[in-house]
Amino acid sequence: MGKIAEIEGIIFKIKRFSVHDGPGIRTSVFLKGCPLNCIWCHSPEGISSDIVIWHDQSLCIACGECVNACPEKALELANEPQPHVRINRKSCIRNGDCVKICPTGALQFAGSKTSVTDVVDEIIKDILYYETSGGGVTLTGGEPLNQPYFSKEILKECKKRNIHTAIESCLFTEKETILAIMDFVDLFIVDIKIFDGQQHIRYTGKSNRIIKDNLQFLAETGKSLIVRVPVIPGITDTVENKNDCEKFVHNLNKHIPIEYLNYNPLTENNYKRLDIPFLIN
Amino acid sequence: MISDIQNPEPTSRILSLKNKTLSPVRYLSLEQAKIITRIYQENEHLPVNLKRAKALAASLSEMPITIDPEELIVGNRTPDSRAGVVFPEAGINWLLKEIDTLPDRPQDRFNVRQEDAIYFRENIEPFWRGKTLEDDIYNLFGEEISEIGKVVKINQTDHAQGHICPNVEDWLKYGPAGLLKTARERLKSASDIRKTFYESVCITLEASCRFIQRYSLLASDIAKNHDDISIRKNLREIAAVCKNLSVKPPESFREALQSVWFLFVILHMESNGSSFSPGRMDQYAYPFYENDIKSGTIDRNIAIELLDALFIKFNQIVYMRNANSAKYFAGFPIGFNVTVGGQKKNGQDATNELSYLILKTQDHIRLPQPNLTARLHKKSPPEFISECSRVIGLGNGMPQIVNDESIIPALKNAGIHTDDCTDYALVGCVELSTQGNYLGWSDAAMFNLVKVLELTLNDGICLLTGRQIGPRTGTLSSYNDFADLEKAYGTQVDYFTEKMIKACEAVENCHQAHLPSPFLSSVVDDCISNGKDVTAGGAKYNMAGIQAIQVANIADSLAVLRKLVFEDKFIMKETLLDALRTNFEGKETLRQSCIHKVPKFGNDVAWVDELGSKWITYFADRLRLYKNFRGGVYHMGLYTVSAHVPMGQNVGATPDGRLAGTPLADGGMSPMFGRDKHGPTAVLNSVSRIPSHLASNGTLLNMKFLPSFFKDPRDREKFTSLLKSFVCLPVNHVQFNVVTAQELLNAKADPETHRGLTIRVAGYTAYFTELAGDLQDEIIKRTTHGENS
């Protein structure tokens, strides 16, 4: 097992009893880093590969322990509208003294370096539930293919244990990356967001040419596929976009299911916790 | 099988009966107390079991009875539905103090008619003063019981023992007339010491036959005055059914259900014990159902209507407790526990068509009673599990789910024969029992292990009162390491265990002297063949159950002590002790560290869970060192019903960051509310580390799911899978509330429009708006699963 332990990746969450990311009861592993930058992203902490500090105002009791602990004096206690902690992101060197001292868990690293072994240990805790429900593991993010070796090793270890594997991806990656992991993936869950190329660039920062090519490639391999379209009011939920997406997928293979994902109204809180602006309202 | 059972709406008759059951205001009822008092006055010279038998016989003959012409199943112990019956021989000191506050107390109110209050004070109470079970216990052992009161709650001190599953199968096979015949034969050849026992049994069985006959006569009478043909027809049917039952065993499905109900009415007239439970109704009623269906006498719709009618009846008997007891057992749960599913003696699946019909009935009625339990095992049909999921999703917390794979070995471990283990049922809330031969004494006492930990940290001195109540084993500051602390904890546990056992013995001794129960003894094996009353140890199995309270708070507190105090020295011993003594006042930062810096029970963290497991095992093993007063074993339960609220009031601040006087974790096996962060699978895995096989008295795990989770059939299927996984784990019990926190908040703020909202409190369901505010708050705070976050 020594070899696996050497491979590390960055994850920002492991969610057990995940019931909307593939069949059955699943464990979803959220990997950090994403090539796209969708303005509606519901996990903004997963976009960057950097491990930043996350501050959950609702847990903070404004005790001030972190202010005293920070060697860079990057934190301060503000009193308006009610007492709370403010982070100066520019001076923060993320040494974590504040996280260590914070008594409530309001301050945390939004992500951590984790070994494959540790991830797999967490996954296998729910093997019983995967077996009874036809569930398994789903790698999601961020973008799991952004950390291809790490993802591949996790998937490989899961397949050794006969665990059903799914990967949720935007497919903005090299074809070789897909080829390299394909044998260890039972189900691809692919987001196609916006069909129109220009609009795609506008809202995600990248062209969708590669995505469409990769999706076509995957469909031709006969791999199990689910396509997901996030429903973002005023952006992706137009009749035109839905029709285009459906037509495209249908032409690839009429048996590929399409799921529409409702927009999560709690998303904005995640932006507040990172002190980054949220552009959707 | 399930697919071809239709699910028609309840009939208008059933809806009307349901409404009538719910609407009347509850009153205190003194009628039976007057009869009992008169019989005791007239027969002071007689042995107590004859007095008890005559009192029951007179009640069965004299209590006014009523029949609603719409009823299919008739019978009640009082003319008013849901009356609070006074049983003076068990104890009425509480009522003397509380009779004026009954209508306005915070929990479980009863109206009191002015003339009844006066009669009670002038005629009933003076006669019984100093003569009741409660008086005797108080005089003989009151001081010892109150001395340990902060740690141990001794139960059964002012009411008769309930929580019994009578032998319904034999009751249906022989009827009271058949049982009477056997008892009379025994009486003929009995030795002198057994004679009064058999005499008392005969008196009650004769009176039972007459009681049933009275309903036949009354139905005929009312029929004469009714013009409506269908009502007249129904009343004549009632008359015929009751006439048959008064002389012979039931033959039809309707007669069988009516007979079951009479059994439970009479048991509740003999004693004010709570939770006489019908047990495995789908098993013993099935032959009657099958016969009638085959002969074409009834169809499924008629069968469901009869079951509906019976289910409504289970709500017409409620239990009036004293104010303190009502806090522990809120919502007057009387606990008619009906069990469906499970396996046969040969290990094969026992589910039959009636199991499904009873689930449909639950769907129809959705009242707090009966308490419905589904037994699952590895060979349960998937469609049965799926139907359980559907009914759970309706939201009134039933059926609760129990696990044969875990419970049968637990019962074997407690010394029960295999055949009896496989035939187990639940009584009351979650208590385990074999059927028809078991006096479980399942709520002998509750042992507050969290309070004992408090005393261990503070040299035996109560943090709330400053009184020395435990031995002086040292303070947290004086312990050199965690092992030192654990050693002292063991000493404290042993000290209170010893004292508790003595108190339990005293209580049982007094029960034998005051509350022999001849009628009950006629339906519990082997009382008749032994010639011994059930209180004197006549049953085949004589258990006594002690509840260990509360695993989550023990694991969480010990984890903080071990990790933050002794290992990491993140918190100084003195600092923590000082914070506990001052209820964390001005030390919120420290308290938050206690909550967040160490993992908590319920998050699938092995070392934390194992701390709980270690002490639960220790306690169960200590109990095994003693024999109970009837010669059987003491065994452990892990459930609190709603006692986690008042039990918490007895405990000062704890190292897990819990403030003084606030509730402990709910249920018995549940994590501390709000501290389980990793979903239901992590909770189940944590709970599976606690030794359920030692908890043969029963366990309780609460889980709360969002209603939205049950809307989508695919999600519901995942819930069904969760139940299938549960069966593979060594966990005895789980039950589900399906409700949003917002809905509960709304109901609390506006009770009038939420009267019908039922909630799973502990091992039972109650109306949410009828619960006291602190209990409502605690239920709102429990973690909810199924969110899409």
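1. Let's start with a term: a disulfide is a pair of cysteine sulfur atoms within 2.5 Å. With that in mind, a search over all chains of the whole structure finds zero disulfides. Cys170(A) is in no disulfide, and the nearest cysteine sulfur, that of Cys34(A), is 4.9 Å away. Cys462(B) is in no disulfide either, with the nearest cysteine sulfur, that of Cys594(B), 20 Å away.

2. A word on what you are looking at. This is a predicted model, in which local features need pLDDT of at least 70 and side-chain atom pairs count only at pLDDT 80 or more, while totals for chains, interfaces and linings use all residues. Residues are numbered from 1 along each chain as its sequence is written, chains are lettered from A and ligands numbered from 1 in the order in which they are written, and side-chain values use heavy atoms, with hydrogens and water left out.

3. Are these two cysteines buried or exposed? Cys170(A) counts as buried because its relative accessibility is 4%, and Cys462(B) is buried with a relative accessible area of 1%. (Buried means under 20% relative accessible area, exposed over 50%, and partly exposed in between, using a 1.4 Å probe and protein chains only.)

4. Chain A is divided into domain 1 (4-49 + 112-266) and domain 2 (52-110); such bounds come from an automatic or database domain assignment. Taken over C-alpha atoms, the centres of these two domains of chain A are 32 Å apart.

5. Now to helix pairs in chain B. Helices (H or I, at least four residues) and strands (E, at least two) are DSSP runs, numbered from the N terminus. The axes of H2(B) (residues 31-42) and H5(B) (residues 114-128) come within 10 Å and cross at roughly 40 degrees. Axes are lines fitted to C-alpha atoms, for helices over the stretch in contact, and angles run from 0 to 180 degrees between N-to-C directions. H2(B) and H5(B) are therefore oblique to each other. (Under 35 degrees is roughly parallel, over 145 roughly antiparallel, 65 to 115 roughly perpendicular, and the rest oblique.)

6. H10(B) (residues 253-270) and H12(B) (residues 286-295) have axes that come within 8 Å and cross at roughly 155 degrees, so this pair is roughly antiparallel. Contact (heavy atoms within 4.5 Å) is made by Phe253(B), Arg254(B) and Ala256(B) of H10(B) and Phe288(B), Tyr289(B) and Asp292(B) of H12(B).

7. Finally, look at helix H19(B) (residues 449-457), which is mostly covered: nine of its nine residues are buried. Among the elements covering them are strand S10 (445-448) and helix H20 (482-514) of chain B.
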